[in-house]
Amino acid sequence: MTNPLLYRIGIAQARHPWRVVAVWALLLVVGGVFAMQLHDRLGGLSLTVPGTDADRADELVEEEFAEPITEQDMLVFSSDEYTATDEPFREIVDEAVAAVRDVDGVVSVIGPYQEGATGQISDDGHSAIVVIGLTGESEEHQDLVDDLRAVTDPLATSDVQIFLTGESPLFVDLLDAEQEGLNRAEMIGLPLALIVLVLAFGTLVAAGMPILLALVGVTVTLGLLGAASYAHTFDIMVESLAILLGLGVGIDYSLFVLTRFREQLARGDDRVAAAGMAVSTTGKAVLFSGITVALSLSGLYLVDNAVFTNLAIAASTTVAVMVAVALSLLPAVLGLVGARVDRLRVLPRRRERDPQRSGSGRSGWVRWAHGVMRRPVSAFVASVAVLGALAIPVFDLELGFDTNTGLEDRPSGQGLAILTDEFASGAMAPMSVVVHSPDGAFDNQDLGAVAALTEQIGDHPDVARTESLTGILNESVGTPTSQALERAAADPVAGEVLRPVVDLDGGMDTTVITVITQQPADAPETAGLVDDIRSVIGPDATAGTDLDVHVGGMSATVADLTDEVEAKQPWAIGLIVALSLLLLLVAFRSAVLPLKAAVMNILGVGASLGVLVAVVQHGVGADVIGFADIGFVQFFLPLMAFALLFGLSMDYEVLLVGRMREEWQRTGDNARAVADGLAHTARPITSAAAIMVVVFASFAAVPIAELQQLGLVLAVAILIDATLVRTVLVPATMRLLGGVNWWLPHWLGHVLPRVDLGEGRRDGSGEETAPREAAVRR
């Protein structure tokens with residue numbers, strides 16, 4: 001048959017390399033410019049799920065308040081020498097309060113000495129907090145961090161320290177810490193990857209090529225995301241994921257194509273033909289792997305949250321660029337380098353054996369495959385037992401949210417530590433209970449209900465204290481009535497205190513009860529409090545009125561997001577599996593192999609998540625590998641890991657089983673096809689897996705919770721997949737199934753498009769000819 005499209009593409013790139021290199025050089029320059037801008041344009045993690053109760057609470061505040069408080073940060077003052085009642089301590093606090101009031105974007109400042117302020121001085125008196133209310137969008141809050149620190153940091157002395165903490169200060173410090181962590185991970189991972197590549201290829205030219213191309217791909221990816229950031233807001237995880245995934249996948253894809261290129265050179269092809277054959281064979285597996293990853297990631301879009309959307313966009317963009325690098329830039333570079341790819345040899349040349357010619361007894365991987373296939377039941381049972389045992393901890397999976405790990409030595413982290421130790425743990429991210437009257441301004445009955453609601457919430461064992469409209473009225477005028485509210489609103493001093501808690505300029509029909517919880521916003525106890533207010537306390541306190549009660553703030557948002565993830569996770573997993581099955585059905589033209597691949601992938605992913613839970617939640621080996629003790633898995637990680645790993649594992653599946661299918665088409669002998677297919681692909685698969693493991697594991701060494709957890713689960717999953725699954729479970733299962741592996745109903749064979757992952761046989765002109773459908777033998 002005529003040359004396939006990918007063969008022609010590979011030939012064209014190798015014949016006209018400088019044109020291709022020039023295009024990629026332009027992409028690299030432009031991408032580099034936008035990549036440098038991406039870091040400064042990243043926003044915080046948006047945990048909001050549109051349409052939820054927490055989202056409605058936030059909407060009401062923005063709609064009803066003239067200058068809504070959209071974030072609450074805190075200045076934390078601490079001294080070993082003085083207490084908050086000592087004059088030197090008090091002078092610094094008063095100066096800081098005055099300075100902060102003058103910063104644009106600050107709409108509310110409540111100091112510890114202000115009338116009505118409660119709970120802002122620690123029990124021992126050596127710490128105090130100033131509550132700062134900000135208005136505007138999250139990007140504006142992040143810009144305010146520098147302004148707030150600029151006016152408060154100079155006020156600190158050797159005796160009184162000042163720390164700014166809160167959502168945006170923590171994010172700004174986390175962004176800096178994550179950038180340092182990424183640099184550290186690259187410094188660890190890339191040299192280790194180079195060592196693995198040198199061991200695989202034996203030459204510095206061949207070893208360095210995949211790393212350089214992966215770096216090009218990462219830069220272009222970050223540039224694309226940077227350009228897109230002008231139209232779409234990305235969060236902090238986007239940059240980290242693009243670098244982590246780009247290095248691992250980019251090196252792997254280039255390694256596969258480069259391995260096949262060297263194999264074709266050894267068979268006598270010239271550099272152009274070798275590049276064409278590498279792209280048309282291994283390149284097909286790379287293309288199918290990339291498509292599978294993209295389809296797998298589509299399941300993340302089912303979760304109605306910006307974090308999952310951004311992760312899907314970042315991962316899909318990264319994989320697409322890396323596929324383009326492997327199928328475009330790499331063939332061009334190979335066309336330029338040719339046989340010089342084996343220059344600068346540092347290891348003795350390994351004698352290459354072709355299993356097709358050397359016989360089954362002379363290849364180590366062939367002997368291994370036949371050894372597994374001689375006892376397929378034992379190999380199958382042992383493999384499944386190990387994977388099942390590793391997966392057991394998954395049943396204890398607890399989801400949570402943490403972005404504070406790794407900030408212990410930074411100002412926001414130090415302030416947060418003082419808040420946690422000296423005040424209620426929930427002081428940093430208080431809960432907001434929004435009460436709205438659809439009938440207009442609050443009347444006496446409404447205010448009585450607000451007072452009852454405040455009292456019942458305050459009596460809850462998980463609540464440290466509450467701050468509400470009726471509480472302020474009780475302290476200022478002695479009675480929470482509508483007349484008292486009108487008088488207080490008309491008074492300039494009282495109005496300043498009331499403005500953050502009631503919409504004085506919007507009709508006085510909406511109020512916010514601030515709830516300081518005993519536990520952090522992401523604690524299970526706090527989630528239970530959210531549910532209690534929504535289902536029991538709120539309806540009970542407002543019975544007989546038309547008041548609407550909505551619970552917002554970080555704690556409610558986390559609870560709603562957890563519910564959204566748990567509700568959508570089964571559907572997302574089902575979509576990921578279904579799309580992968582469909583793609584593999586087309587790739588392998590077998591009704592059995594896709595099902596086998598799906599089951600094995602589920603086992604592998606389950607085992608890797610089990611290891612993660614064992615380390616993170618149960619502390620197994622956590623001290624040895626330096627893992628943060630946060631007690632839960634980041635909320636986005638299980639589904640994200642499943643989508644990524646289900647796609648990435650198909651990389652090895654397509655390469656391995658595709659080559660087995662190629663051998664089966666050539667010989668019709670299932671056992672020989674399995675053994676020879678493994679012999680052809682085992683070395684590049686194990687090399688690629690080793691690279692991914694060291695790259696991902698280097699990110700697990702970064703003391704940032706999400707990077708640690710993502711790096712660990714990906715490294716463990718790739719290690720399991722490339723060893724236990726691909727080299728034991730696959731040959732054992734394919735031996736047990738025998739000729740059934742390749743079964744496809746005739747009617748389905750006529751419907752499916754024909755995609756050949758193999759190279760077929762070539763005639764004298766170098767063109768591929770259709771592989772023969774050999775008789776199936778066991």
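Predicted model: local features only at pLDDT ≥ 70, side-chain atom pairs only at ≥ 80, totals over all residues.
Residues count from 1 along each chain as its sequence is written, and side-chain values use heavy atoms, with hydrogens and water left out. Local features need pLDDT of at least 70 and side-chain atom pairs count only at pLDDT 80 or more, while totals for chains, interfaces and linings use all residues.

**Exercise 1.** Work out whether Thr517 is buried or exposed, and what its side chain reaches.

Solution. Start with the relative accessible area: Thr517 has 2%. Buried means under 20%, exposed over 50%, partly exposed in between (1.4 Å probe, protein chains only), so Thr517 is buried. Next, look at the side chain: it reaches the backbone oxygen of Gln519 at 2.6 Å.

**Exercise 2.** Find which residues Ala607 touches, leaving aside neighbours within four places in sequence.

Solution. Contact means heavy atoms within 4.5 Å. By that rule, Ala607 is in contact with Leu387, Leu390, Ala391 and Ile720. Now check Gly388: its C-alpha is 6.7 Å from that of Ala607, though the two are 219 residues apart in sequence. Ala607 is also buried, at 0% relative accessibility.

**Exercise 3.** Decide how helix α8 (residues 236-266) is oriented against helix α26 (residues 705-737).

Solution. Helices are DSSP runs (H or I, at least four residues), numbered from the N terminus. The two axes come within 11 Å and cross at roughly 30 degrees. Angles under 35 degrees count as roughly parallel, over 145 as roughly antiparallel, 65 to 115 as roughly perpendicular and the rest as oblique, so α8 is roughly parallel to α26. Finally, pick out the touching residues: among them are Met237 and Leu241 of α8, and Leu707 and Leu714 of α26.

Key
Polar contact = N/O pair within 3.5 Å; in protein donor to acceptor, adjacent residues only side chain to side chain. Axes fitted to C-alpha atoms, helices over the stretch in contact; angles between N-to-C directions. Helix = DSSP H or I, 4+ residues; strand = E, 2+ residues; numbered from the N terminus.
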